[in-house]
Amino acid sequence: MVAIIVHGGAGTIRKEERIPRVIEGVREAVLAGWRELKRGSALDAVEEAVKALEDNPLFNAGTGSVLTLDGKVEMDAAIMRGKTLEAGAVAGIWGVKNPISVARKVMEKTDHVLLAGEGAVKFARLLGFEEYNPITDERLKQWEELRKKLIETGEVRHWKKLNELIKEYPEVLRSTVGAVAFDGEEVVAGTSTGGVFLKMFGRVGDTPIIGGGTYANEVAGASCTGLGEVAIKLALAKSATDFVRLGMDAQAASEAAISLATKYFGKDTMGIIMVDSRGNVGFAKNTKHMSYAFMRDGMEEPEAGV
């Protein structure tokens, strides 16, 4: 039983007219992954699905990533193989089109797990990844408006004020993309993000933290989305796979992980997708929306929604 699921980020989509486009975006991504999965590789499936989301400016990853407080893009990504526990990640990378592909190269070409900042960029150039500007006109306009509003509060340094902005503009301030797949042999998980709008320069979220926002082992894989600091503190992706090890399927484990996030940090904080080694998919959230799409053996078309 092979399966793949993707997400396009948790939060609130305030503009209803955007929902069909977002659903179509995750649907296209899961189909891109499904084509690779049917060829036999969960690793290729996860990379291709995440790349499709990174290339879609609707989502906050790759092209269309949000900007830091000082107007730059610093992207994070990670990928992990459940069978071997091999993992690769990049944090605070810029100037590349597909951070997920750089993360895979970290896993395959180095003895390390995580490369950050300038080092990650140098590594990408060494491997032939061309210079690319992921900033879109829409994100630049949003950054200008939000930064002005934040500065007007007089408390730019305080995350409390940023959190108020997140509540006011939830559809643009936080989002992540991810995919998890099982090819009959192993589970692979991958996640990519532009981070949080107006984040402090140098801030790293849960996405590239193995066990925080991304994790896979022999029983399951998980990709998280939402407030990165929450997922890091709970080691949420790893905790979710532990629930599978204790006997839950992917859906029950997803719900248990989100219950944990809600218990400690409240609602409107997290979403998660999972696949277990029996080919079950799972997803849960405590936000209003989380775009998702999945395919399993026996399905002719993906199921997709928010």
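The buried residues of helix α2 are Ala42, Leu43, Ala45, Val46, Glu47, Ala49, Val50, Leu53 and Glu54, where buried means under 20% relative accessible area, exposed means over 50%, and partly exposed is anything in between (1.4 Å probe, protein chains only). This is a predicted model, so local features need pLDDT of at least 70 and side-chain atom pairs count only at pLDDT 80 or more, while totals for chains, interfaces and linings use all residues. Residues are numbered from 1 along each chain as its sequence is written, and side-chain values use heavy atoms, with hydrogens and water left out. Helices (H or I, at least four residues) and strands (E, at least two) are DSSP runs, numbered from the N terminus.

What sits over those buried residues of α2? The cover includes β1 (3-11), α1 (19-38), β2 (75-81), α3 (99-109), β5 (177-182) and β6 (187-193). Helix α2 itself takes in residues 42-54, and its 13 residues should span 18 Å at 1.5 Å a residue, which agrees with the 18 Å between its end C-alpha atoms; the expected span is 1.5 Å times one less than the number of residues. At the start of α2, a side-chain oxygen of Ser41 comes to within 3.4 Å of the backbone nitrogen of Leu43.

Helix α3 brings in Arg104, which is buried with a relative accessible area of 14%. The side chain of Arg104 makes a polar contact of 2.6 Å with that of Glu47, and another of 2.9 Å with that of Glu108. A polar contact here is a pair of N or O atoms within 3.5 Å; within protein, one must be able to donate a hydrogen and the other to accept it, and residues adjacent in sequence count only if both atoms are side-chain atoms. Setting aside neighbours within four places in sequence, Arg104 is in contact (heavy atoms within 4.5 Å) with Leu43, Asp44, Glu47 and Ile79.

Next come the nonpolar cores, which are sets of buried Ala, Val, Leu, Ile, Met, Phe, Trp, Tyr and Cys residues joined through side-chain atoms within 4.5 Å. The largest has 46 residues, and Ile4, Val6, Leu37 and Ile93 are the ones that touch the most other members. Not counting residues up to four places away in sequence, Ile4 touches a list of residues including Val30, Trp34, Leu37, Ala45, Ala49, Val180 and Phe294.

Leaving out residues up to four places away in sequence, Ile273 touches, among others, Ile5, Val6, His7, Ala222, Phe283 and Met290. Ile273 and Glu255 are 18 residues apart in sequence, with their C-alpha atoms 9.8 Å apart in space.

The aromatic rings come next. Rings of Phe, Tyr and Trp (its six-membered ring) pair if their centres lie within 6.5 Å, and planes under 30 degrees apart count as stacked, over 60 as edge-to-face and the rest as tilted. By this rule there are three aromatic pairs. One of them joins Phe283 and Phe294, whose ring centres are 6.2 Å apart with planes at 40°, so the pair is tilted. That pair links distant parts of the chain, since Phe283 is in strand β10 (residues 281-285) and Phe294, 11 residues away, is in strand β11 (residues 289-296). Phe283 counts as partly exposed at 23% relative accessibility, whereas Phe294 counts as buried at 8%. Tyr292 and Phe294 make a stacked pair, 6.5 Å centre to centre with 15° between the planes. Both Tyr292 and Phe294 are buried, and ring pairs link Phe283, Tyr292 and Phe294 into a cluster.

Which residue carries the "active site" feature in UniProt? The record, an unreviewed entry, places that feature at Thr176; such annotations use the numbering given here, have shortened feature names, and may be inferred rather than shown by experiment. Thr176 is in the loop between α7 (170-173) and β5 and is buried, with a relative accessible area of 3%. Beyond residues up to four places away in sequence, Thr176 touches His7, Gly8, Gly9, Asn60, Thr191, Ser192, Thr193, Thr207, Cys224, Thr225 and Gly226.

Two loop residues remain. Most residues other than glycine have a negative phi. Ala235, however, has a positive phi of about 45° although it is not a glycine. Ala235 is in the loop between α8 (228-234) and α9 (236-245) and is partly exposed at 31%. Phi of Asp268 is also positive, near 60°. Asp268 is in the loop between α10 (250-265) and β9 and is partly exposed, with a relative accessible area of 28%.
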